[in-house]
Amino acid sequence: MDQDIKTFTISIYTENNIGLLNRVSAIFQRRHINIESLTTSQSEIDGVNRFVIVVNITEAQAKKIVGQFEKQVEVIKAYYHTDEQTIFTESCMFKIKSALLFEEPQIQNIIKESNTRIVTVNKEFFVLEKSGRRNEIESLRRDLNVFGIMQFVRSGRIAVTKDEMKISEMLVAFNNQ
Amino acid sequence: MNTQTANNTHEVAQETIRITGSEAIIRCLLAEGVDILYGYPGGAIMPVYDELYKFRNEIHHVLTRHEQGAAHAAQGYARISGRVGVAIATSGPGATNLITGIADAQIDSTPIVCITGQVASHLLGSDAFQETDIVGISTPVTKWNHQITKSEDIPSIIAKAFYIARSGRPGPVLIDITKDAQFGELDFKYEKCTGIRSYIPIPKTNPEAVLAAAELINNAKKPLIVWGQGVILGKAENELKAIVEKTGIPAAWTILGASALPTSHPLNVGMVGMHGNYAPNKLTNECDVLIAIGMRFDDRVTGNLSTYAKQAKIVHFDIDPSEIDKNVKTDVAVIGNSKDSLAKLLPLLNENNHAAWLQEFHDLYHIEFEKVIKHDLSPTKEGLTMGEVIKQINTETNGHAAIVSDVGQHQMIACRYAQFTTTKSNITSGGLGTMGFALPAAIGAKMAAPDREVVAIIGDGGFQMNIQELGTIFQQKAAVKVVVLNNEFLGMVRQWQQLFFDKRYASTEMTNPDFIAIAKGYYMNAKRVTKREELAGAIKEMIASKEAYFLEVCVEKEDNVFPMIPSGASVSDIRLE
């Protein structure tokens, strides 16, 4: 079972230090694992960063790699989760010629039906933003591509887990040592 | 008493003094109990060397002849003493030359702190003279590393460096310090680091796992212990001995575990692995419970994993949770410090003796003795063997020497035949297999333990990889005994070429210089032995010498090391010839 390749979301809670990204990515590189997406941000705890990394690997690999992350001095805790165990989303932006908004009325329908938000409009271009699952974003990109996209960008996955993480408790436990 | 800062805990310190960053570095080292450091000066580390000059009566700097030598010397210092070894180098090439030693320390869990100078912070990223991204380069081979660009960060970062290097599963730490941070001033006070919130050096042992381990061990009919360096690093030698003696379980060791239990102990059944002993390798695939203590199932130990101890339940004691199930799936994992785990295990174990099972080891030993050992140790052929040299060193030192071996055939022979009586006596490059390790590591070992006899066993290939460190021996008057076993070949590679590449000896033959003339060039006592009748006398003279001594023994050119598990084969397919 744990030899099947699946999508895993790896969450790593770390200190906010220079060079840690290098340490984290080296662990993937050394094992020849391709990173599908990587996002780092502030976590729910001040001063603690969270990496959210998506990889397609076996569960056996996921277990071992999480062990390698936790071994790093500045990693507080690492986890791996399947898609079913997380709530996740990606976000994307499109830059499109403003003229098209008037020349191609379908664009307005696409925007409306897909719940896409218009971030800004000016004489030259307008900018759309949408969050959602990969397939929703992809379908929107395909729909808009017919009319011409000046720029497209999609973020990495961000995810929260259905389970509790208990990082705060761990940090409190350290402080009470 | 401890105080808490944001992420770390520290001991409370005295009041501050205003000093330069470079002086702070030296004061930090002194506060950590550093008495010797190994290094090489250069532009970006000169302010620190200036302070080393001022503090020369308090801290002894050893000028090695190459930064790689400094890193290995720090390793030798750490391995024999259990203390943190320190190496220091300048930026750029000085720093990159440390890398091999750092990688070696990482894979062999050796506590060292390396301090490198760096170009001034305003030059970082500008391709300045001797600038290199040593933090980036060393990241995959350090337990932790950090670049200091502000003088005031020096005390807390160095405190953290020593704490991380020595605690938990030890390892190398590199601290890169820009030149402006060395020149700048700070209000200095030193507080030892006692905790980091993101780092759990010794994970808590689960008492239920200890119970489960005890139950498996008590019910085993054919248990086998395989211990590794975790026993030595965890100072668990006595606990291991007590467990072995109470339960009567045969115990084998990995190359880095050697010397934790005396070689002559009746339950010590020898070395596992590619060139280990016949019995423990063969019987790995017959035991019913394999008790792994502080070892990591390296591929040189396991051979083909798919046929490794498949019949056995596996109990794995380790301080590092990431080692559990990494290579071999365990049935019971006991995470924690080996000393604590074994101490908790001992009272739960039943007294036992496994006489019939132990006899199987003796029977296989007998086969190995007849096929291999007696020819290695008491050869009847004309040429000298490496084994008889080790045997003679055992005789002259009564097994009290620390043996520092390099990498290759001589290393396997040294580890197989050295009679260890004292822990921390086998200093060798295990995981990385670094040729050139032994000569500088022996210097570090001798300086850390001047009362011990330190004998370096080196091949003619490895000797020439760091031969320049003879200069360090000479300058430091380090009474290291250097034995070069010269077969005029890169012997281990040649052995593989013979066995697996139809004797195509591609670039393994060595045309060697006159090693005696070289040693004498460094004013060392030196002797060459080419005949059996000269050997005993020469080794006696070497061991009796109060000073450094160089002994070249010209051994048989094309001897092979057996037993051998060909790579990719099963441990039970170990070959005796």
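A residue counts as buried if 20 or more other C-beta atoms lie within 10 Å of its own. The views below show a predicted model.

**View 1. Phe297(B) is a buried residue with positive phi.** Phe297(B) has 24 C-beta neighbours inside 10 Å, so this residue counts as buried. Its place in chain B is the loop between strand E15 (289-293) and helix H13 (299-302). Phi of Phe297(B) is near 50°, a positive value in a residue other than glycine.

**View 2. Ser109(B) sits in the loop between H5 and strand E7 (112-118) of chain B.** The phi angle of Ser109(B) is positive, near 50°, and the residue is one other than glycine. Around Ser109(B) there are 24 other C-beta atoms within 10 Å, and therefore Ser109(B) is buried.

**View 3. Helix H3 (residues 67-81) of chain B and helix H5 (residues 99-107) of chain B come within 7 Å, axis to axis.** Two packed helices are described by the angle between their axes and the distance between the axes. Here the axes cross at roughly 25°. Angles under 35 degrees count as roughly parallel, so H3(B) is roughly parallel to H5(B). On the H3(B) side, the residues that meet H5(B) are Gln68(B), Ala71(B), His72(B) and Gln75(B). H5(B) contributes Thr100(B), Gly101(B), Ile102(B), Asp104(B) and Ala105(B). Sorted by class, the residues of this contact are three nonpolar, five polar and one charged.

**View 4. Helix H1 (residues 21-31) of chain B is mostly covered.** Of the eleven residues in H1(B), nine are buried. The buried residues run from Gly21(B), Ser22(B) and Glu23(B) through Ala24(B), Ile25(B) and Ile26(B) to Arg27(B), Cys28(B) and Leu29(B). Gly33(B) follows H1(B) and has a positive phi, near 80°.

**View 5. A cis peptide bond joins Phe562(B) and Pro563(B).** Omega of this bond is about 0°. Pro563(B) belongs to the segment after strand E23 (549-554) of chain B.

**View 6. Domain 1 of chain B touches domain 2 of chain B.** The domain assignment of chain B gives domain 1 (2-196), domain 2 (207-361) and domain 3 (378-554). The C-alpha centres of domain 1 and domain 2 of chain B lie 36 Å apart. Where these two domains meet, five residues of domain 1 are in contact with five residues of domain 2. The domain 1 side of this contact has one nonpolar, two polar and two charged residues.

**View 7. Chain A is assigned two stretches of domain 1 and one of domain 2.** Domain 1 of chain A covers 5-87 + 158-164, and domain 2 of chain A covers 90-154. Between the C-alpha centres of these two domains of chain A there are 31 Å.

**View 8. Chain A is in contact with chain B.** The contact involves 21 residues of chain A and 19 residues of chain B. On the chain A side, at least two residues each come from strand E1 (5-15), helix H1 (20-30), helix H2 (59-71), strand E4 (75-82) and helix H6 (167-175). H2(A) gives the most to this side, with five residues. By class, the side of chain A that touches chain B has six nonpolar, eight polar and seven charged residues. As for confidence, the model scores ipTM 0.92 and pTM 0.96. The mean pLDDT of chain B is 97, and 98% of the residues of chain B reach 70 or more.

Methods. Residues numbered from 1 in each chain as written. Chains lettered and ligands numbered in written order. Predicted model: local features only at pLDDT ≥ 70, side-chain atom pairs only at ≥ 80, totals over all residues. Contact = placed C-beta atoms within 7 Å. Helix = DSSP H or I, 4+ residues; strand = E, 2+ residues; numbered from the N terminus. Nonpolar A, V, L, I, M, F, W, Y, C, P; charged D, E, K, R; others polar. Domains from an automatic or database assignment. pLDDT = per-residue confidence, 0-100. Axes fitted to C-alpha atoms, helices over the stretch in contact; angles between N-to-C directions. Parallel < 35°, antiparallel > 145°, perpendicular 65-115°, else oblique. Buried ≥ 20, exposed ≤ 12 C-beta atoms within 10 Å, placed from the backbone.
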